[in-house]
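Me: Let us go through this model together, beginning with a single residue and then moving to the chain as a whole. Please state the cut-offs as you go.

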Amino acid sequence: MGVNVFIWNSLKELDLLDFSVKKSAIVMGEQQVWGIEEIQDGTLFKEFLRSKGWEADAIDLGEHPAYKTSLKLDLALPLPEDMKNKYDILFDFGTAEHIRD
């Protein structure tokens with residue numbers, strides 16, 4: 001799905017992109033950003049968050065070379081203990097609906 005203008009504006013409206021406070025985030029799927037004036041199209045959302053000083057990871061089983069740093073987790077299984085309570089925020093732009101696919 002990715003992060004588009006509609007999603008971006010929703011995140012800002014909900015005050016989920018306050019970069020004055022360092023946070024840690026997990027992104028469901030390697031989501032690319034598209035159509036946001038201040039971000040180059042195709043930038044991975046986790047990389048954008050990192051550029052703002054956040055700690056950020058993404059979960060994705062994809063084989064694309066850009067996803068080589070993704071966490072490879074089967075979301076149909078329980079999370080590993082070291083991931084529980086590790087992140088301040090979880091961004092899911094459409095991945096959870098496909099867990100059983």
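**Residues, fold and core**

Me: At what relative accessibility does Gly 53 stand, and what does it count as?
Reply: Gly 53 counts as partly exposed, because its relative accessibility is 37%. Buried means under 20% relative accessible area, exposed means over 50%, and partly exposed lies in between, with a 1.4 Å probe and protein chains only.

Me: What sort of model is this, and how are residues numbered?
Reply: The model is predicted: local features need pLDDT of at least 70 and side-chain atom pairs count only at pLDDT 80 or more, while totals for chains, interfaces and linings use all residues. Numbering starts from 1 along each chain as its sequence is written, and side-chain values use heavy atoms, with hydrogens and water left out.

Me: Back to Gly 53: where is it found?
Reply: Gly 53 is in the loop between H2 and E2. Its C-alpha atom is separated by 8.0 Å from that of Lys 23, 30 residues away along the chain.

Me: What about the overall dimensions?
Reply: The C-alpha trace spans about 35 × 25 × 25 Å along its principal axes. The radius of gyration is 13 Å, which agrees with the value near 13 Å for a compact globule of 101 residues. That radius is taken over C-alpha atoms, and the globule rule is 2.2 Å times the number of residues to the power 0.38.

Me: How much of the chain is buried?
Reply: Of the 101 residues, 36% count as buried.

Me: Which residues touch the most other members of the largest nonpolar core?
Reply: They are Trp 8, Phe 45, Leu 49, Phe 91 and Phe 93, in a core of 19 residues. Helix H1 (5–13), strand E1 (24–28), helix H2 (45–51), strand E2 (55–59) and strand E3 (89–92) each supply at least two residues of this core. A second, separate core has six residues, including Ile 26, Leu 73, Met 83 and Tyr 87. A nonpolar core is a set of buried Ala, Val, Leu, Ile, Met, Phe, Trp, Tyr and Cys residues joined through side-chain atoms within 4.5 Å.

Me: And what does Phe 45 contact?
Reply: Beyond its neighbours within four places in sequence, Phe 45 is in contact (heavy atoms within 4.5 Å) with residues including Val 3, Leu 17, Val 27, Gln 31 and Val 33.

Me: Met 28, then: buried or exposed?
Reply: Met 28 counts as buried, because its relative accessibility is 9%. Its place is in strand E1.

Notes:
Helix = DSSP H or I, 4+ residues; strand = E, 2+ residues; numbered from the N terminus.
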